[in-house]
Structures are given as structure tokens and as C-alpha cells.
Amino acid sequence: MIAIVDYGAGNLRSVENTLAEIGAAYTLVSDAAGLRDARKIILPGVGHFGQMMRALDEMRVRDTLLERIRAGVLFLGICLGLQALFERSEEAPEARGLGLYEGTVRRFPAGSRVPHMGWNQLAGGEASRLLAGLDPHAFVYFAHSYYAPTIPQTAAICNYSLPYTAVLESGNTFGVQFHPEKSGPAGLRVVRNFVEL
């Protein structure tokens, strides 16, 4: 069973619809017990970094999320769900991220049009399991004002003013800055690849 963490994310329904479209069984969870039963976990995200981290803490699922990821449960973070894997974000300096990866999520530099919204191209994803069967330079849909740095676990980048992490992969942990649920057939393939891992 795939658990979608339900903390009120704006893209929750579209993530549900995508899973339903490919016939994947899922459940919405909003407590630690639900996460402990999950075979795979999806953390969707649209909105504000600080609000998301506060919501996860109010639900008392931060420690369980980290425990399950470290235990090898497959995890996919979408948009803010990817950014949550880092230590902090300039969007909410007072809020702690999950801290699985070092670094700070930053706002696009002055002069960039923000949010970065619309279709843009991936690069460098040839070895990515999440992008298997996909053109490594596929166009996918982005909607964000803050970006994750490139790190050794970056599996594909996107360029918008500068290169940033578009896909992160490390063992059982995956994250995408784009919205697969809004990315047409390419996004559907990404979700299917995660479901079939």
C-alpha cells in the first residue's frame, strides 16, 4: 500500500487522481500509525515550506517519516516534498527541514521571474530509475519560487537562471521538483516507475 501524507497539500487530489489512473492502490495517512504500515510513502507539496513543516510536526509524523525512510521504505517527495528533505529553506528560516540532505533551499536570484511556472526541460537523467523509459531531456511542469541545490544525490537538473535539483535519488529516497501529476504522459511514467520500484 502506498501512503500519501495528508497534511492539506494543494496538489493532494491531483496526486490521488494520477495514482488512480495507473491503477495503484493508495491510502491517505495523517498519523504515525498509518506511516508505519506503508510500503511506499509519497509526500506531496504545494505552498509554503514553513507551513508544511509545522503541519508535519503538529501531526507528530516527522520522526516516523525519518524512521521509515531510514528503514528502507520507498519515499517520493513532490515539489515541497523534495525541498523538505533538506535542512532548511530561505522561505522559512525558522523551520527545520527533515535534514536528510545537507543544504539550504533558496529563492531564485533577483532578476528571475518567479514563480518559475510552466514547462521546462530535464538534463542529465540518463541513469535515473525514476526517469526510466523517459527521454532524459523530457519536458515537465514546474511551479516554484525556491529551488533545491545540486548535491551528489542529484539525478537530474533543470536550468532556470541557474542549475538546480529537478530529480533526487539515493537508495530508497526519491524527490522531484516538478509536478508529475501535471506533466502529462511523462509525469504519469515517473509515477508509474515509482509504483513499480
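Reply: Happy to! The buried residues of helix 4 pack against helix 2 (32-36), strand 3 (40-43), helix 3 (49-58), strand 4 (74-78) and strand 12 (173-176). Helix 4 itself covers residues 62-70, and its buried residues are R62, T64, L65, L66, R68 and I69. Helices (H or I, at least four residues) and strands (E, at least two) are DSSP runs, numbered from the N terminus; buried means under 20% relative accessible area, with a 1.4 Å probe and protein chains only; contact means heavy atoms within 4.5 Å.

This is a predicted model, in which local features need pLDDT of at least 70, side-chain atom pairs count only at pLDDT 80 or more, and totals for chains, interfaces and linings use all residues. Residues are numbered from 1 along each chain as its sequence is written, and side-chain values use heavy atoms, leaving out hydrogens and water.

Just after helix 4, G72 takes a positive phi of about 100 degrees.

Strand 12, one of the elements packed against helix 4, also leads us to P180, which sits in the loop between strand 12 and helix 6 (184-196). P180 is buried, with a relative accessible area of 2%. Leaving aside its neighbours within four places in sequence, P180 is in contact with I78, G187, L188, V190 and V191. P180 and Y141 are 39 residues apart in sequence, while their C-alpha atoms are 7.2 Å apart in space.

Notes: Buried means under 20% relative accessible area, exposed over 50%, partly exposed in between (1.4 Å probe, protein chains only).
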